[in-house]
Amino acid sequence: MSAPILEMRNITKEFPGVKALDDVNFTVNEGEIHGLVGENGAGKSTLMKVLSGVHSYGSYTGDILLRGETQEYRHISESERAGIAIIYQELALIPEMSVYENIFLGHEITNGLTIDWNETIKQTAETLARVGLDVNPSVKIKDLGVGKQQLVEIAKALHRNVKVLILDEPTAALNEADSENLLNLLREQRDQGVTCILISHKLKEVIGVADTITVLRDGLTICTLDAHKGEVAEPSLIKYMVGREINNIYPDREHKCSAEVAFEVKDWHAYDPRLGRELLKDINFNVKKGEIIGLAGLMGAGRTELALSVFGNAAGYRVSGDIFVQGKK
Ligand SMILES: Nc1ncnc2c1ncn2[C@@H]1O[C@H](COP(=O)(O)OP(=O)(O)OP(=O)(O)O)[C@@H](O)[C@H]1O
Ligand SMILES: [Mg+2]
């Protein structure tokens with residue numbers, strides 16, 4: 001087992017009326033993938049914001065040590081300089097700028113008084129190759145899918161010689177292929193010596209990729225587990241996360257609603273003339289009286305557009321199709 005690269009000791013962080021972190025201890029070994037799990041509101045993001053200086057030194061109590069040295073970050077730029085990079089689910093890239101402008105933003109390569117764009121583009125191509133992303137460095141961020149944008153963020157961190165890479169729910173908005181690709185990239189980076197902290201609600205994913213897993217619950221450190229040992233499985237993690245045995249994550253429920261259709265949508269389409277594409281294609285569903293309907297899908301799948309356009313708030317979309325309320329068109 002290698003030495004700790006990072007130690008967070010007795011971290012307590014309060015917001016008005018909430019103790020988000022209560023004497024948390026969190027130790028990460030050099031060159032490992034460390035999964036951080038816990039229910040919504042357990043304190044995972046807050047812990048990482050304390051680490052990265054988003055919640056600055058002085059706003060929490062406890063100590064942060066990087067390779068044994070005490071750190072006092074007052075701003076995110078200070079943790080970045082120390083080699084810590086945090087990547088949020090809501091990406092921090094600028095959509096209207098190119099990939100290379102984003103990667104070098106604030107770290108421009110200069111040639112006397114001017115920016116050396118040729119060198120910038122050359123280095124961007126090299127960095128993109130490190131994350132296996134095959135796109136033109138000049139393409140704008142807004143023209144890339146979420147999965148590729150995520151890779152650009154990681155490329156940006158790698159380019160700055162990141163030592164500790166933190167990913168806060170990176171796969172929440174990704175489809176399965178993009179998620180798998182991202183996790184493989186994490187494994188590769190780990191093998192090249194980058195330490196990764198992965199926050200995710202997808203426990204299978206964490207168990208599959210992490211070397212060590214820490215569970216937080218209600219702002220407390222519950223345990224730190226060696227993920228290479230057989231006892232780390234989904235049910236045991238869930239037990240630590242919620243504090244009791246859960247035998248059935250999705251218990252059977254009785255379908256109580258009546259057969260009477262209260263609301264129906266038929267052949268629903270929505271076209272966005274600004275984007276020049278169809279956002280919703282041939283959607284059909286009905287809701288029975290007393291029924292709860294869930295709309296599920298990845299980011300960008302059209303859930304919000306469907307709800308808004310059916311409600312009559314089509315925000316510039318051209319819609320077609322029929323709506324029936326209690327059978328009346
Ligand atoms: N800026 C803030 N102001 C006030 N309360 C906050 C703030 N940030 C977080 N909290 C509270 O601190 C607690 C921990 O929140 P945190 O976002 O760290 O949880 P989390 O484990 O990341 O949850 P999730 O899985 O939903 O992202 C919650 O009770 C939350 O409401
Ligand atoms: Mg969070």
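Which strands and which helix make a right-handed β-α-β unit? In the predicted model described here, the unit consists of strand 9, helix 6 (residues 176-191) and strand 10. A crossover is termed right-handed if, with the strands pointing away from the viewer, the path from the first strand over the helix to the second runs clockwise. Helices (H or I, at least four residues) and strands (E, at least two) are DSSP runs, numbered from the N terminus.

Because the model is predicted, local features require pLDDT of at least 70 and side-chain atom pairs count only at pLDDT 80 or more, whereas totals for chains, interfaces and linings use all residues. Residues are numbered from 1 along each chain as its sequence is written, and chains are lettered from A and ligands numbered from 1 in the order in which they are written.

The secondary structure of the protein amounts to nine helices and 15 strands. Along the principal axes, the C-alpha atoms fill a box of roughly 70 × 55 × 40 Å. Of the 329 residues, 28% are buried; a residue is buried if 20 or more other C-beta atoms lie within 10 Å of its own, exposed if 12 or fewer, and partly exposed in between, with C-beta atoms placed from the backbone. Among contacts with a separation of 6 or more, 66% link residues 24 or more positions apart, a contact being a pair of residues whose C-beta atoms, placed from the backbone, lie within 7 Å.

Two strands are taken to pair if DSSP finds at least two bridges between them.

Leu165 stands opposite Cys196 in strand 10, and Asp168 stands opposite Ile199 in the strand 10 segment. Strand 9 is mostly covered, with four of its five residues buried.

The residues around the ligand are Phe15, Val18, Ala20, Gly38, Asn40, Gly41, Ala42, Gly43, Lys44, Ser45 and Thr46, a residue being near a molecule if its C-beta atom, placed from the backbone, lies within 6 Å of it. Strand 2 (18-29) and helix 1 (44-52) each supply at least two residues of this shell, and helix 1 gives the most, with three. The shell comprises four nonpolar, six polar and one charged residue; Ala, Val, Leu, Ile, Met, Phe, Trp, Tyr, Cys and Pro count as nonpolar, Asp, Glu, Lys and Arg as charged, and the others, Gly among them, as polar.

A three-stranded open sheet has the order 14-13-15 and antiparallel pairing. Its edge strands, strand 14 (277-288) and strand 15, each pair on one side only. The twist in this sheet averages 0° from one strand to the next. Strand 13 and strand 14 run antiparallel and are joined by eight bridges, and Phe285 in strand 14 is the bridge partner of Val265. Helix 9 (residues 303-311) lies across strand 13, strand 14 and strand 15, running at about 70° to strand 14.

Asp267, found in strand 13 (residues 261-272), has a positive phi of about 50° although it is not a glycine. Asp267 is exposed, with 11 other C-beta atoms within 10 Å. Arg67, likewise not a glycine, has a positive phi of about 45°. Arg67 is placed in the loop between strand 4 (61-66) and strand 5 (69-71) and counts as partly exposed, with 14 C-beta neighbours inside 10 Å. Lys328 lies in the segment after strand 15 (318-325) and is exposed, with 6 other C-beta atoms within 10 Å.

Technical notes: Two residues are in contact if their C-beta atoms, placed from the backbone, lie within 7 Å. Axes are lines fitted to C-alpha atoms, for helices over the stretch in contact, and angles run from 0 to 180 degrees between N-to-C directions.
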